[in-house]
Each structure stands twice: as structure tokens, then as C-alpha cells.
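This report looks at how two chains of a model are related and how they meet. Please look at the structure shown here before reading on.

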Protein chains: 4
Amino acid sequence: MLVVMQAGATQDQVNRVINAIVALQLTPHPLPGATRTAIGITGNTGAVDSRRLEVLDGVKECIRVTKPFKLASREMHPADTVISLPQGTIGSGHFTLIAGPCSVENEAQIEQTAEFLLANGVKYLRAGAFKPRTSPYSFQGMGLEGLEIFKRVRAKTGIGVVSELMDTEHAAAVEDAVDIIQIGARNMQNFSLLKRVGKTRKPVLLKRGLSATLEELLMAAEYIMAGGNYQVILCERGVRTFSDHSRNTLDLSVIPPAKNLCHLPIFVDPSHGTGKRNYVPPMALASLAAGADGLLIEVHPTPDQAASDGAQSLDFPSFQKLIDSLKALSKPLGKTIN
Amino acid sequence: MLVVMQAGATQDQVNRVINAIVALQLTPHPLPGATRTAIGITGNTGAVDSRRLEVLDGVKECIRVTKPFKLASREMHPADTVISLPQGTIGSGHFTLIAGPCSVENEAQIEQTAEFLLANGVKYLRAGAFKPRTSPYSFQGMGLEGLEIFKRVRAKTGIGVVSELMDTEHAAAVEDAVDIIQIGARNMQNFSLLKRVGKTRKPVLLKRGLSATLEELLMAAEYIMAGGNYQVILCERGVRTFSDHSRNTLDLSVIPPAKNLCHLPIFVDPSHGTGKRNYVPPMALASLAAGADGLLIEVHPTPDQAASDGAQSLDFPSFQKLIDSLKALSKPLGKTIN
Amino acid sequence: MLVVMQAGATQDQVNRVINAIVALQLTPHPLPGATRTAIGITGNTGAVDSRRLEVLDGVKECIRVTKPFKLASREMHPADTVISLPQGTIGSGHFTLIAGPCSVENEAQIEQTAEFLLANGVKYLRAGAFKPRTSPYSFQGMGLEGLEIFKRVRAKTGIGVVSELMDTEHAAAVEDAVDIIQIGARNMQNFSLLKRVGKTRKPVLLKRGLSATLEELLMAAEYIMAGGNYQVILCERGVRTFSDHSRNTLDLSVIPPAKNLCHLPIFVDPSHGTGKRNYVPPMALASLAAGADGLLIEVHPTPDQAASDGAQSLDFPSFQKLIDSLKALSKPLGKTIN
Amino acid sequence: MLVVMQAGATQDQVNRVINAIVALQLTPHPLPGATRTAIGITGNTGAVDSRRLEVLDGVKECIRVTKPFKLASREMHPADTVISLPQGTIGSGHFTLIAGPCSVENEAQIEQTAEFLLANGVKYLRAGAFKPRTSPYSFQGMGLEGLEIFKRVRAKTGIGVVSELMDTEHAAAVEDAVDIIQIGARNMQNFSLLKRVGKTRKPVLLKRGLSATLEELLMAAEYIMAGGNYQVILCERGVRTFSDHSRNTLDLSVIPPAKNLCHLPIFVDPSHGTGKRNYVPPMALASLAAGADGLLIEVHPTPDQAASDGAQSLDFPSFQKLIDSLKALSKPLGKTIN
């Protein structure tokens, strides 16, 4: 951390800041300059609220130098995290597709989708049993009945299932029914929920919040990892900006810095990111080209009859066409689609 | 809802949209124009996902006309909601102060603050027992022990207590210990939690999410009200934008439209909104002038020793000075400070 | 400036950074820490692009400590700037109203408005002769003919005129016809225009750009001041965010930090900030309470017939009512309305 | 346009709105519903300010149905615009590279870069003679001297030159010296400048403003086209959001809707979009995959010595490597790199 004094700060004010730093059990390094003094701080500054120094007389601002995440940091863990599941490896040169309908609607729909996916080489099915909906009057998902459908379809087909957990009450039930637990964007900073999934032994797919910075996303991953669960997959799904041409602003430019700062795999959800099925294939291809490790993508047997989010779902033929395009593109990029 | 056809849409395409509308049990009203056709829809369009029509051939876009909130809407409930508690009325010409430290740190701190507040005419104390912190390594609050402190200080002093509930597990315990339950900004769309507080009989102070639109805030209130709890207080606490001169962008301009669309009281939290104590008093005065019904404000006996957010807390003398300024300003505005 | 090295940076990499700093004619101050080295830099760092050091091997990031504005900075010029014009002083405890229609439409309209304003104690009229419009098919203003109207109405009534300059071609003509030159939000970083008005001797009202940070606004003021014109008035008029309840997000929270960092007066335009006349009076009162030095406000004899922006214009009786409210509020705040 | 009345609006209020629509020479179509009336409007609504109706008693809101751009609209002009210049075609299956340094620094630098580019199959050089800089104290570009360098290098090597025009004074000089005139992001709504380049006969590369919606970008293109110059190239270069991991948020998701709404070619500038050279190649590949028609990219013989923006410039070997990757990727996408 660096404390920058005001141009006219007195030596007395500088001394008081130095004493405050010492009182926090940190080491001050005064750095006099032509027009002002700055004071470098070394020691474990991670837990210090910089604003405690900022309010002292004569202080202009405090600048934090070290990042507060540790377990998620590539500096601490240089090699990429690879997640090995029976259905297929995530990370390490694989580009993994997770596809399926927004919501579980009935067993036939899930079974039909699972068989279609497996026939096309896709090993993971996504579908929501518990649905976070903006309106209390919208369809809220099939709940526990949906989880039973997952269990039967997994047992029958062997497909991996990814589904959202919305609260701690249902954590054990969801953990039991799925292969990867999804934490939705609106719960990215539901810290009680993050702590709870830190205690599961299933991988967690963590969606970036609508207005989360990359650092906040990595801190949310840190919550899960601090609980002992190191199998975290980040997922970009669009952020909220002034821009109104799509449902959200899909921020593909987060991929290179996420790869630079952090060793966890990162996926992209172009369906929520754009909100319109026509825009999904180009953004899916762009995600692959930008360096993502996989996609979370909405596919529905009959999108126009979907219980939710049909407008952003691909039908089966469109998704097959997209898989073909992804395969063609993956070769020059040195990736394997799975 | 209004469906706008593309300029070159065929009569066949128009007919297919009309049939789809009828299939949704709604009434279509074709509206031919010079260059294109639009189709008005009447009936209960609230639950329809407009994108289901948008994906039909020849459709340019769908435009939603009616708002999806009902119980929170001033159209449905023209008179202001007034919340009557023994400590003092909220709404209806009162400007209510809720003040106190960011976190409960110990019983002496809470008791000292309660006595200071009551001596200065302030009837509600705020303090966090459960703290949502960005880092898993930061102080997470005193938890249940903090709630016991609230009970003793309420019994002894009669002050009203406002405190945050972070998860459904602790709902009964928090409901028992406080007078107003706070839902934090990061949980504004934690729908499981909203449903749970819809079943309590304590008023709920609902903070606007960091990137929530006014409509989403009102839909979150609708979740609580749909559960049977009509005592909801909205709270603006700053939104996230590109702007970097303050911790968040305090959006006072939400107050007039919130008053226009909705009958619930609206408070402002200038402490989180600005993040710096020097900026709190001018924004507190501006909140009163803009038409807010009260403030949630951080006050600490010794801000520089606070366990969290000390830099945005006022000390006692500064808060007394602010109360005086608010009183002077309230007269020409026809409000009463309580 | 501070250069932060990566945790594993070698001594060689540190030395290469030190040499690069010396090559830039600056002084390096190495600051070794427990896990990494940081290098403080003193000297005139204002003109250095920090990214030149950031790309060197082993560098994690560069952090700029000193702000790049000088003439606009309160550190350099602690006393408030006061602008003295024959019509009335701006700054120094005055709260100045600048009111009038969005566009000059004809001479009668301007004369009628000027007389109404003067009769109500308002000394400055605003109106656009050149109009920046999003669409090339919208009314673009009366242009030079509008300037002639200003000259005649100023001569006849003595009112001060504030009007926008959109390009350097018309700089001399606008300077000749008005008392204060307005630079619009969309031109806040039109650097050719800023340099040009730096050479005039009329005060400049500089509107904050739709996505300008406070620092960028102050740098735009710095462009004007660097040309020799120190009479700059800042103006907040709403920024662009995800928030959709108003035309723009009026950022009143910029006022306290602007006052803290800079000595120039700051105005607020609640008409463009909200876009709806019903929301203008509460935001005007809030601007006064937040510490602004004045308002730019749209008033029109017959708003429903206005050539542009009628929906955000107050009619005469509403504006008189607002003046009364502002006067009542100004007393406890220790300001004088002029 | 659609006028939505309030739920309790009276028949009188509806009639007054109908009369106001007729007075605007448009045709009203009342559309009674279960809870409220809406009034469709047909006729040339493009030039009407919807807020003129919105302020009438009983009106809830006005909803604009038709887009205000015409010449830029794909509805009016279904085929893609192709720009044919001697150096190479833009659009129509070509993916065109425009590369070079941020600023002209001297003739040797430009000549060396031009020869390098031509040797690698790149036909267009970009470099700034006039530089928009946030600080008045930063290097402002070589100006007219830079234009002379362009003329000599063009004559000698045959390369096409793309350079920014910042003001109307230099329009003729820039038009004379370059092959494509660039309008920078900060001038996207400098309407005087847009009108001026509408009169040139050189193609215009129009960068999206930092907070411009897609509609505003297309309206800016419309300004140029309304002046008679139909050769406009759109360019995404990053928008401003809360996100802080890169210099700007490169919004690749604008490409599919831009292609859907508009027939003009669209380029991407990943150098300004990311601000860091390491992040440029993945975002360049993603731009190609997302459907862009070309790139504007910063390349410098010695980036670490660049006069401006060196940190986001690629050196020659990195750029050659990127060209190879783009070529490999272009084949499965059916595009030709030029």
C-alpha cells in the first residue's frame, strides 16, 4: 500500500501517519518527493481498510498495491487448474460445451436433450430446476421434482448435469443431483451461499455478477476456495452497461486478463450475454477465439414453446451447425472441442 | 404489449403472429401503418416473455407497455404507505434518521451509541451483526452474539434496531432481535431471501442493488409484498457506474420517479453512497431536499477505530451538526425530522 | 508514480526498470518489501505514459500518484474562483440561476423570457442558437440569426446571455454575442474547441461529458485555462449509466469532490439531467443543498410548443414557484440566490 | 409511435391526446384495452419529440417504434455496402487490416512501417498527425508536417493512409493527404465535423463514442450520409463501463446487431479497446470470429520508444504472428485477409 500526502502536508502530519502504520503492525517507508511525500507500506496489508489511513490529516489518498486474492491468484499457483470429471476434462486445451434448456420442464424434454447432446459429442447438460426470476409471478422452476429428473437421466444416459443452486437450504439436494453446481450472477456476492459451496466436493461454476469487476469475481471464487473447494469455473455472462443493443454487454475482453491473473478455467454464456438466438453463434465463435475454456449455451428441442428464455435458445439443427463451426475453428486455435 | 413488424413483412407473417397471440390467450389488435404493421395486444400480458413473439418471422421487435409490478405500484395503491412503529412513524411527512456503526463490535459501543442517538432525538439504530464482505479474510461480523446485544440494548433503552439479514437460516433469529430487517444491496435479487422476509411481520428495508434499475427494485419489493408483507422501505445506496470520484454513484434522481411510480417510502444511505465522511453531510442534505423519507447513516463513537467502514462514518459531534442542518432545512420543505 | 514489480521479479528486471526511469530523466526510489519490490518515482511524472514502464519484464503495474491537472487544482490555487460580471457575481456564496428555453425560436420569445426573468431577479438567460441534435433531420437551431437576437435583447434589457458554441468557425461570432460561452457535453473533449475558447476573454461554462470522469472534466478545464482563460464554470448535467428511470443519471455526488479537488464554481443542469419537468424542481433543490453554485435550467413561455426539449422545460408559473422554494432553502444554507 | 395512457385516464384526456396528434399532422389509432387505452400513431413520426405528448395529462409514456436512421438502415438498403479503393476492397467477405503507430513521429518511422506492412500483405497504414490527448501537456501530434509525410510515403510506396481529422479547419488538408478519414470516438457527436466530412469524397472511418449506443453510432453515420458521403465504416473501439480490467470494455457483441440493422462495414480497434498489447491478439481473433470486416491495430517498429500509446502497440514480429493466426482462422470462417 502507498499513502500519498497532500502537497502542503507538514512533517507532523507525516509522522502521525507513520505512527498509525506502525500501530497497524506494518512497516512504513517514507519516500520524499519534489512536491510531496509518499509513504510505502510493507507487511500484510491485505486485511487493512485503506480508508482508515485516508482520513488522517494531510493524507491525499491511499493506493493499494497487492491484490486481495490469494488462492485464486496465478502468482500463487502458476499452472492452470484442470477439472477432471468422468464425463470429460475441463481446462488444459479442451473447449467444453455445456448445453441445454433454460428450465427443466418435464422428464421427456431432459431425456431427449441429453440423448441429442451425447449423440453430438456433448457431455454436459445444463438446465434449471430452481429459477431466479425478476418477477414473483413468473415460472419459478420445477424445484425438487426437477432434481429427481436429473438423477434418473444421469443414471440412464451418463450425461453430466450442471444446475443452479439458489440457497443454502437446497445445497445438499442439489449437490446430490448434479455434477457441477452453478452459482448464478445475482448470487455472486451471496456470501452465505459461497461459503456453503466451499464445503461441497462438486465443482462450482460461478457466474460473474451483472456489475462485478474481475477482482470481485476472483474474490467470490476465493470465498469458495477458502472453504476448501478448489474446483471453481469462472463464467462471463454479460455485464450491465448503458448499451442497449443486447440484453447485457458480453464482456469477452475479460478473458485475457482473467487468464493472466488467475489459474481457473473461464467459460462464456453467450445466450444470456446476448439474449437473442441469432447473436449466439457469432459470440460463441468469438469466445473460442478469445481464449475461453468452454461455453454454457441454451439449446431447446422447441425453443418457441420454452417455459422461459426461449428467444435466446438455439434449436437442435442450429446447435449442430454451431458445433461444426466451433470444430472447424478449434483446429487452428489448437483446442479440442468436448 | 405491442408487436412491431418489419417494413417488408408479408400478410402471412402478420397472420402467424396474430395466431400466436391468440394461442397465448391474449387479444391481438392489428394496426396497419404507412410503412409497416404493428399489432397491439391486450389481456394479461404481464406473464408473457415478449421474446417469444420477437423470434417469429417478420417481427422487428416487441414493446412492453404495462409494468410488471402491481402491489408496489402507485396506480394500484395511490396513497403513500405509512409505517407505524412504536419508536416513530415512517413516511407521511416525517424524515426519519436511522444511524449507527457499520458493525456491532461490543455491547458498550451499541449502548453508548443508542444513548447518544436518543439524546439527540434519533429513534432508530443501525448496526450489522452479519456483514457481507468482499473478502473472505475480512471481519464477518459478530453474528448471533450481536443479535443478543441488540435485544438487551432495545430492552434497556427502547431504541428501534435496524440490521441486515443475509440468509434464510438466520431469518427467525434476526426477526426476533430487530425492529426493521435490512436486505443488503448484494441480496436485492436473492429471491429465496425475499420470499422468506415476505413471511415475516417486521418491516423490511430493501437496498437497491449495485446495478438494479428502478423497475427491478420495485419488482424485488413486489416479491416481499406478494408474500404478504406490505411494510417495505426502499433505500438508494449508490449504483455502480464508470464514475470513480466516489465509492458508488449515489443516484438521488431515482427519488422523484420512485415516488411517482410507487407508494412505498424511500430512504437514502449517503455513507455507502459516497464512501467518505466529508461527502456525507452535503449528500444527506440533498437527499432531504430531493424528497427522500429518511436516511440510513453511519455514525461511530470513534470512527478511526471502527472494525469496518470507519472512513465513511461520522463521529458524534459531526452527526449532531448534521442533525441541526437537517432540522433547519426541513422547515421550508415542510418535513419533520424524527 | 509507483512501479510495482511482480512477486517473482529478478534483481535484473528491477535494475532494467530503474534504468528506464533514469532514461526518462526521473528519479527512482526502490522500496523492497516482503513479497515484492516497488519503485517510487519522483520528478515531473505528469507527462509520462505509465504504460511505457508497465510493459517491461517483471513489472506488475504502474500507479500514478499525482493528478495531471495543475491550473484547475485546489492544491495549486486554494481560494475559490469568483467570476465577476456586470449582471452578477458567480461563486463566493451566490447561487446563480441561468434560465431560458432550449432553443432560440424567435425574438419575441427571447425578449419575453428575458423580461420575465429580470422581473423575477434572474440575471442570466440561456438559449441555444446552434443546437447539437442526435438526428440530422431534427431542428438545428437558428444559427447566426439567433446571435443577432441575443445582441438586440442584451442591449435592450441588460440581461446576460449564455449560449453554446459548437465549432471553432463560429467562435468569434458567439463570443461577440454572449456573456458566457457554453461548451456542450458532447464537445467536452473536442480539444480544438477547448483550445479556441482558451483564447477568448469571456467566461466558459463547460458541461461534463456523458461518460467523463471528474478528472477528465478537470483536464478539459485545464485545456481552457492553459490557453489563458481562467474563468471556467463546471456544469454537471447527468451521465450515462445503465439506469433508465431518467434521461441521464444526474450525478450530484460529484459536487463535494469537485469542490475538494478544484477551485472553480460548479453548476447543475437538472433539466437535461432528468429529462422530465416534474423531476426538475426536486433535483434543483437537491443541487442547492449539495453545495452547487448555480443552476442551468430550461424555462419556456409555452413548453408544449417548444421547438426542442419542451418536455423538460418549466413554464413561467412553475419556475416562479421553484425560485420561491430555492430562496426559502437558501437561507439555512447561507447562500444568496441571484 | 405508441402513446400509453394511465390506467385511470379519462375519455377527455384521451381526446386531448388524439387532437394533439392530429395537430402534429399524424394519424392517431386509439386502441382500448382492459385496464388502459393506448394510441398508435402512423405517419412520419421520425421528427417528433415524443416527450411533447408525454407531458399531456393522463399520458403514462410514449414509445417510439420506428428507428430514426434511414440511409444507414438495412431496411432501406438490404445489400452490404462495399468500399472499393485502389489499395483493396473493404467489405464483401474481405477482412481488412489497417495497422501502424499511434502517432506520426518522423518520416523514417512511417516509411519503415509502410514497407513492413506492404511486405506482409497489409495495404493500409494508420497513424495520427493530429492527436486528441486528455492532457494539454501531452504530445499533440506533428500536425501539418505529419500530413506532408503521408503524401510522400503514399507516393513512394502506394500504401493507403488512414488518419484522424479533429476539426473542420484541417478538413481540406487531411482529405488531401489520406485515403480514409478517421473520426475519433470523442468527436462521434461533433456534429459540425460530421457535416463537414459528409461533403468530402473520401471514405470515413467513424469510431463509436465512449458511451454511444448503437443507435447513436448509426445516427452519427446518418449525419455523414445525409451530406452525400455514403462511404462510411463503423468502428468499435471499446466503451466506458464500471469494468476496470482493461482500458475500455471492447463491445464485440455490437457486431451482430450492427450487421442486422445496418449495411455498413464494421471494424474493431482492439488496441484502444484493451490498452495492453498482450490482450490485443486474442481480441483481434475474436473480432474476426464475431463477424467484423477488419481491424484497426497499433503496430510500431519500437513500441517501448513510441511517443504515445506504446503499451498497446505490437512490435513487428508479434504483428506478423498475429497475421498468421488471422489467416489460419479466416479460412473456416470463409473470409479473405487483406
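## Terms and basis

A polar contact is a pair of N or O atoms within 3.5 Å, where within protein one atom must be able to donate a hydrogen and the other to accept it, and where residues adjacent in sequence count only if both atoms are side-chain atoms. This is a predicted model, in which local features need pLDDT of at least 70 and side-chain atom pairs count only at pLDDT 80 or more, while totals for chains, interfaces and linings use all residues. Residues are numbered from 1 along each chain as its sequence is written, chains are lettered from A in the order in which they are written, and side-chain values use heavy atoms, with hydrogens and water left out.

## Polar and charged pairs

Between chain D and chain C, 20 residue pairs are in polar contact, both residues being at pLDDT 80 or more. The side of chain D that touches chain C draws two or more residues from each of α2 (51–54), α6 (191–197) and α7 (214–226) of chain D, helices being DSSP runs of H or I with at least four residues. Of these, α7(D) gives the most, with five residues.

Two salt bridges cross the interface of chain D and chain C, each being a side-chain nitrogen of Lys or Arg within 4 Å of a carboxyl oxygen of Asp or Glu. One of them joins the side chains of C:Arg240 and D:Glu216 at 2.5 Å, N to O.

## Extent of the contact

Chain D brings 49 residues to the contact and chain C brings 48 residues, contact meaning heavy atoms within 4.5 Å.
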